[in-house]
Amino acid sequence: MEQPLTAFLIIAILVSGGVSAFAGYQLSQRTVADQQPAIPDPQTKNPSFGVGDNVWQSHSIPLPALDGEKYALDHWKGKVILLNFWASWCAPCQYEIPELIELQRKHEAAGLQIIGIGVDKEIPLRNVSRSLGINYPVLVADDTRGPKMLEYWGNSGQIVPYNVVIGRDGRINYTHLGLVDQEMFDEYVAPLLNTP
Amino acid sequence: MKPNHRSIRALFIALTLSWSCPQATGSSEVLATIGSLQITASDLERALRSSPFITQFNTLEEDQQAAVRGSMLQRLVLSRLLLIEAQAQNLDKSAQYLDELDRFRTGILHRRYMDKIRDEIKIPDETNQQMKAQFKGNHDAYKAAQSAYIADQYKRSRIDEIRRLRNRYHVQVYSERALPGAAPETVLMEGEGIRILYSDLPVQREKQVTKEQIEEQLYVRGELLLTARAAVDMGIDISDALDAFRTEHLPALLVENLEHEWLPDEAPLKAYFDSHPKLGQIVERRHIGQLVLATREEAEEMRRRILAGESLFALAGKYSIDPFGRKNNGDMGWIKEDRGSPVINAAISELKDGEVSEVIETPLGFHLITILERKPGETRPYPLIKDKVRQMYLSEKLTTYAQDLAQKFNVVWQISDQSQKQN
């Protein structure tokens, strides 16, 4: 059977396993005026957010989203936020996205806001979002500052997927390297949804 | 199917298979029929989702995904055609297939039975609460502790279960007979519906073997058969796995047989190589620099500046109307001599390395070309490209074979009609 040439080439490229470079940039950056003792400074030796820090005490820089708008994190102030750092080439990241879609659908009314942070290029992120039917906002980090951004959010190994749970008050309740599972959600996210 | 129809069909497939919503995965829309067998959109989506390149597939544009879907559908139809033909040839009743099926069946029954044993292990509430408290704030450590507890319990449950099954099926083990060089028909283990001969163990094929190695394999084989037997008695359903095995292995077995038939020795390959001399040819590759301008006057002016000493690459970075060339300062990379525009290829056929071409007009603009360096072409002899020849030869044979099968079993592409309606 004759194969359409384009499809054949695409399959060949896919099977050869093209790998994109890991890239992204800092989502939230502190200014000198914003410095608070509880907030880590990117310029110090330990420049990362950690559990217990309050993200609303830090200046929030807008990032472009796949819907064409720009959003800073405080756009969702008052919600329980699950920041999901991911990349289009990361198979485990794609694996957990349908679960996140379901969690967002189920708990949206209770105030859950999942936010995808794509540490990657916009086009593949957009295509994955369309292919998987992502129902929450995806912000796009570009190639230059992504690793720093991940470090800033407490992920010094710059590994994706990476998840950060933020309470309605802005306090980081939990950070997690790897996939979100139901038990983790029940333990660290669900209780926050039940508090005003 | 005539060749011109095939290319039209491929286009229709690519045009039609462009759904992108995940909801489409459950679609029962029929895409092709082979006799009375239907291939639906959900069959295609399932094949796609279980493919090794699904992660990269999701990153593609819609038109690229449609092209991949079209190609996948063709492969799916081919696979079903081979399955039907394999059954028509009674390959599913052949000794080779039945032997492979039996080994697979035993393995999968064992696995499902042991999975069941593992799934039945529950962590007591009190222990679980202790773990949770101990590893609060570290979900990974908590999950690791859970896994370690279950692994430990499973190790004990497994030993207990095998002991229980040995009693249940009245198994006798004859360790004293498990000796190197034993006769193939020596019975090493037997019980209700279970019997292991020395010839059943892989180790019997090896020249040097110890009694310990034989006993170890006997134990492994014994565990496999006992749990498989218990799984059957328990009514564990493995029909889905057997169905998948049949669907995957019968086409593979048919292709294996065809390969033996088409290539009884190397003679057909050598003949194919002799009749396709281009197979061994590797064409010259050239590292090309290019500047493209909108008008002949501009191009002539740029040529004068380059001949006067300016860099074609610097000018391309500033003025080229070709977006790729402009972005890459005119560096077009390595290009095979038989690729690219025939007009340009003809115009630079005599160009020496480092020279700038005359202005070349194409529908894309007015080009100035330079060749930085070359990797010369060569002709490789048969022994060096035997694998490539084999691949090409079998692919050609299989294509013709598949076309014959498509006619024999009446393949009808449903999607071309829908595509025509859409357009």
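Analyst: A helix axis is here a line fitted to C-alpha atoms over the stretch in contact, and the angle between two such axes runs from 0 to 180 degrees between N-to-C directions. The model is a predicted one. In chain B, helix α9 spans residues 239-262 and helix α15 spans residues 386-408; their axes lie 11 Å apart and meet at an angle of about 115 degrees. Because angles from 65 to 115 degrees count as roughly perpendicular, α9(B) is roughly perpendicular to α15(B). The crossing of these two helices is right-handed.

On the α9(B) side, the contact is formed by Leu254(B), Leu258(B), Glu259(B) and Trp262(B). Helix α15(B) contributes Arg390(B), Tyr393(B), Leu394(B), Lys397(B), Leu398(B) and Tyr401(B). Sorted by class, the contact comprises seven nonpolar and three charged residues, with no polar ones.

Helix α9 of chain B also takes part in the second largest pocket, where α2 (41-49), α4 (62-88) and α9 each supply at least two lining residues. The largest share of that lining, five residues, is provided by α4(B). This pocket holds about 470 Å³ of space. It is lined by 13 residues, of which Leu76(B), Ser79(B), Arg80(B), Thr247(B) and Glu248(B) are the closest to its centre. By class, the lining consists of six charged, four nonpolar and three polar residues.

Conventions
Residues numbered from 1 in each chain as written. Chains lettered and ligands numbered in written order. Predicted model: local features only at pLDDT ≥ 70, side-chain atom pairs only at ≥ 80, totals over all residues. Heavy atoms only, no water. Helix = DSSP H or I, 4+ residues; strand = E, 2+ residues; numbered from the N terminus. Parallel < 35°, antiparallel > 145°, perpendicular 65-115°, else oblique. Left-handed = near helix turned anticlockwise from the far one by under 90°. Contact = heavy atoms within 4.5 Å. Nonpolar A, V, L, I, M, F, W, Y, C, P; charged D, E, K, R; others polar. 1 Å grid on protein atoms, 1.4 Å probe; cavity = no way out; pocket = protein on both sides within 12 Å on 5 of 7 lines; lining within 4 Å. Points joined across faces, edges and corners; volume = space filled by probe spheres on them.
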